[in-house]
Amino acid sequence: MVSRTTDDYQRMAQSGCIAVTEPAFWAGFDRSSAQGFADYFRQLTEYEPRRAALFGIRHFTWLCINPKEADDPGFAREVISIIPEFLKCNTVLGIGEIGLNKNTKNELIILEEQIALAETHHQLVLVHTPHLEDKRKGTRVIMDALSASSIDPGRILIDHVEEHTVGEVLDRGFWAGMTLYPDTKMTPQRATDVIEIYGSERIWMNSAGDWGCSDPLAVPKARLEMSRRGHTMSLIDKVTLENPMTFLSQSPNFKVDVYKD
Ligand SMILES: [Zn+2]
């Protein structure tokens with residue numbers, strides 16, 4: 001949301017959105033110092049919750065150094081050292097989105113150190129999987145690193161699953177996330193296909209909202225697509241509301257009010 005306008009919050013609220021969770025991620029440019037990350041973490045924990053609250057939306061966040069800026073271990077460790085202070089904020093859900101970008105050795109070292117950070121502080125984990133032709137390989141390397149830790153896979157969400165990775169993610173006990181985009185990566189139509197093939201356990205959809213082509217209303221569009229195909233309202237609610245709430249509620253900081261009749 002740091003890259004979206006206030007109008008987007010308004011449109012999301014009007015479409016029934018009650019909560020957003022914002023991963024710490026790449027800002028479109030590499031930050032020049034660890035202090036740049038401290039300022040960014042303040043934006044995520046102080047300013048965005050206030051801006052979202054103007055429209056009745058709860059804003060939660062994840063903290064980390066993203067894989068794209070984690071190829072310099074010295075710099076990455078400096079950033080990691082400031083994260084525990086921010087974990088005390090009551091809108092922080094866990095460590096994320098961590099993962100791999102180009103699958104380099106340094107990225108993997110920092111991934112493991114951030115998994116250890118989540119372990120030490122008993123945090124949920126949000127994982128970004130690479131959008132490369134070797135997505136499957138990257139996803140496997142990440143899952144292996146996670147499985148080597150003591151974190152329950154039920155407390156880890158592997159995001160950006162696609163048709164060729166979702167089965168393995170679910171088989172290994174992780175939650176699978178489908179962040180929806182208008183054209184690229186995962187569309188509302190493809191996400192509906194995945195639900196039809198793989199079912200609705202430990203899987204959910206959310207709208208992408210970033211500085212690229214993305215659509216904060218992708219979830220309402222996916223709900224319409226599921227409805228058009230004849231899926232029940234209870235299935236639609238499960239993958240767009242109840243499953244996210246089940247996973248996220250494992251963090252004591254996640255609290256939302258859901259009004260249902
Ligand atoms: Zn991501």
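Two strands count as paired if DSSP finds at least two bridges between them. This rule is applied here to a predicted model.

**The sheet**

In strand S4, Val-125 is the residue that Ile-95 stands opposite. The strands involved are S3 (residues 92–99) and S4 (residues 124–128), which run parallel and are joined by 4 bridges. They belong to an open sheet of 7 strands, ordered S1-S2-S3-S4-S5-S6-S7, with parallel pairing. At its edges lie S1 and S7 (203–207), each of which pairs on one side only. On average, neighbouring strands of the sheet are turned by 30 degrees against each other, direction ignored. Helix H9 (residues 233–248) packs on this sheet, where it touches S1, S3, S5 (156–158), S6 (175–180) and S7. The direction of H9 makes about 105 degrees with that of S7.

| Strand pair | Bridges | Direction |
|---|---|---|
| S1 (residues 19–22) and S2 | 4 bridges | parallel |
| S3 (residues 92–99) and S4 (residues 124–128) | 4 bridges | parallel |

Strand S2 (residues 58–63) has 5 of its 6 residues buried, so the rest of the structure largely encloses it. A residue is called buried here if 20 or more other C-beta atoms lie within 10 Å of its own.

**The nonpolar core**

The largest nonpolar core has 69 residues. Val-125, Ile-158 and Leu-180 are the residues with the most contacts inside it. Helix H4 supplies the largest share of this core, 5 residues.

What does Leu-180 contact, leaving aside its neighbours within four places in sequence? Its partners include Met-186, Thr-187, Pro-188 and Ala-191. Also among them are Met-205, Asn-206, Ser-207 and Ala-208, as well as Ala-218, Val-219 and Ala-222.

**Helices H4 and H5**

Packed helices are described by the angle between their axes and the distance between the axes. For H4 (residues 105–120) and H5 (residues 135–147), the axes come within 10 Å and cross at roughly 40 degrees. The crossing is right-handed. On the H4 side, the residues that meet H5 are Leu-108, Leu-111, Glu-112 and Ile-115. Facing them from H5 are Val-141, Ile-142, Ala-145 and Leu-146. By class, this contact of H4 with H5 has 7 nonpolar, no polar and 1 charged residues.

Key: Residues are numbered from 1 along each chain as its sequence is written. This is a predicted model: local features need pLDDT of at least 70, side-chain atom pairs count only at pLDDT 80 or more; totals for chains, interfaces and linings use all residues. Axes are lines fitted to C-alpha atoms, for helices over the stretch in contact, and angles run from 0 to 180 degrees between N-to-C directions. Helices (H or I, at least four residues) and strands (E, at least two) are DSSP runs, numbered from the N terminus. A crossing is left-handed if the near helix is turned anticlockwise from the far one by less than a right angle, and right-handed if clockwise. Two residues are in contact if their C-beta atoms, placed from the backbone, lie within 7 Å. Ala, Val, Leu, Ile, Met, Phe, Trp, Tyr, Cys and Pro count as nonpolar, Asp, Glu, Lys and Arg as charged, and the others, Gly among them, as polar. A nonpolar core is a set of buried Ala, Val, Leu, Ile, Met, Phe, Trp, Tyr and Cys residues joined through C-beta atoms within 7 Å. A residue is buried if 20 or more other C-beta atoms lie within 10 Å of its own, exposed if 12 or fewer, and partly exposed in between; C-beta atoms are placed from the backbone.
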